[in-house]
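Trainee: Can you take me through this one? I would like to know what to look at.

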Amino acid sequence: MSLMKAARYYGPKDIRIEQIPIPVPKSGQVLIKVSIVVPFCGSDLHAYLATTPKWPTIDKPDPITGETLPTTLGHEFSGTIVELGPGIDANNWHVGQNVVVEPIYSCMKDTCRPCSSGSRNTCPLVNCYGIGGWGGGLSEYIAIDIKVVYKLPDGVPLEVGACVEPLSVAWHAVKRGGFTKGQTALILGAGPIGLFILKVLRAIDPTSTIIVSEPASIRREQALKHGATIAVNPKETSTRDTVLGATGDGVDVAFDAAGVQATIDAAVFSVRPKGKVVSVAIWETGHNASLNLSYIAVREIELIGVICYENDHPEVLAAIAAGKITNLEDLITRKIGLDDVVEKGFHTLINDKDSVVKIIVHP
């Protein structure tokens, strides 16, 4: 039996690099050799620090995959097809093709309103490869259903391809927020998702006022480099005062990509009357926000939640191919090997987030 290296999640602060069997593609699947992984999104960090609802446990399996811990990590990745499983159209797919993956899965039952209406991201059982089972990108290979595989456009590097999943999160958030050319926006948190939201906003309008609020200096610098009009340090300057000074009565749309009380407050108090607040961040279990509902009511502010994406990968890939979103590789500030996932990955983002924006892994 051929083996491969994989990062296996056993629970909070327990990730082990192990040798496991290379999967064999089943009917309707392809085997992908993983080239680049962009790990450590908010859900990964939350799971590393504490138990989270979407991860199975040792004795409670994921309701769709049926797997219990450990599972293989990694849901943001790109790679190359190395084998076609039974039933794959060889006229459309071939060995050597570079691809990206939309890693969510759901129950897909006719009785499930979200799944039957094309909104499987809101299925009550929705989860991801790399979280709930069926393999993950933090391994050398993954066998995966062709239904969630997309061709990487010619000339687009695999490193950029690995950014398509989080970029699709940002794309979906901007669509839900209804941002259009000529509007103004505020982004709370210039981590990877916040910076990707900035890239999407700039693809829509290269000149509108976009304000970014972020305490980490390297991330403010990246925000200015990638098109922010103003990048404010909320520990030194009031975000709301900065927004009102730049816009008069507030921004049209505010995106909370940080998920703490201070940022949701700043978002609510920084939008204009009838403005929109888009909650993008995943909050840690047990951490709930309090909202000034009277203020939201009297100003008729819309509060919009988003999770993952809703068939957004094709649009994102088309935008990249058309040159509307560029320089994504500039947001990658560190490259590590699979053996260094814990020490140079998770520990860096937890203890020294000021030094990095996005870390990629070469399995």
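**Aromatic rings, then the rest**

Mentor: Start with Y129, which counts as buried because its relative accessibility is 3%. Buried means under 20% relative accessible area, exposed over 50%, and partly exposed in between, with a 1.4 Å probe and protein chains only. This is a predicted model, where local features need pLDDT of at least 70, side-chain atom pairs count only at pLDDT 80 or more, and totals for chains, interfaces and linings use all residues. Residues are numbered from 1 along each chain as its sequence is written, and side-chain values use heavy atoms, with hydrogens and water left out.

Trainee: Which residue forms a tilted aromatic pair with Y129?

Mentor: W134 does, with 5.7 Å centre to centre and 40 degrees between the planes. Rings of Phe, Tyr and Trp (its six-membered ring) pair if their centres lie within 6.5 Å; planes under 30 degrees apart count as stacked, over 60 as edge-to-face and the rest as tilted.

Trainee: Is W134 buried or partly exposed?

Mentor: W134 is partly exposed, at 35% relative accessible area.

Trainee: How many aromatic pairs are there by this rule?

Mentor: The count is 5. One of them is Y105 with Y129: the ring centres are 5.8 Å apart and the planes are at 90 degrees, so this pair is edge-to-face. Y105 sits in strand β7 (residues 104–105) and Y129 in the loop between β8 (127–128) and β9 (141–145), so the pair links distant parts of the chain, 24 residues apart. Helices (H or I, at least four residues) and strands (E, at least two) are DSSP runs, numbered from the N terminus.

Trainee: And where does Y105 stand, buried or exposed?

Mentor: Y105 is buried, at 4%. Y105, Y129 and W134 form one aromatic cluster.

Trainee: New topic. Where is F196?

Mentor: F196 lies in helix α5 (residues 192–204), and its relative accessible area of 1% makes it buried.

Trainee: What does F196 touch?

Mentor: Leaving out residues up to four places away in sequence, F196 touches C163, P166, L167, A170, L328 and L331. A contact means heavy atoms within 4.5 Å. F196 and L167 are 29 residues apart along the chain, and their C-alpha atoms are separated by 5.6 Å.

Trainee: Which residues of helix α8 are buried?

Mentor: In α8 (residues 261–270) they are T263, I264, A266, A267, V268 and S270. Their cover includes β11 (185–188), α7 (239–247), β14 (251–256), β15 (271–279) and α9 (293–298).

Trainee: What about the backbone? Which residues does the cis peptide bond join?

Mentor: It joins L69 and P70, with omega about 5 degrees. P70 is in the loop between α1 (42–49) and β4 (71–72). Most residues other than glycine have a negative phi, and most peptide bonds are trans. E300 has a positive phi, near 50 degrees, and lies in the loop between α9 and β16 (302–305). N311 also has a positive phi, about 60 degrees, in the loop between β16 and α10 (313–321).

Trainee: Are those two buried or partly exposed?

Mentor: E300 is partly exposed, at 46% relative accessible area. N311 is partly exposed as well, at 42%.

Trainee: Last one. How many helices and strands are in the chain?

Mentor: There are 11 helices and 18 strands. Of the 363 residues, 54% are buried.
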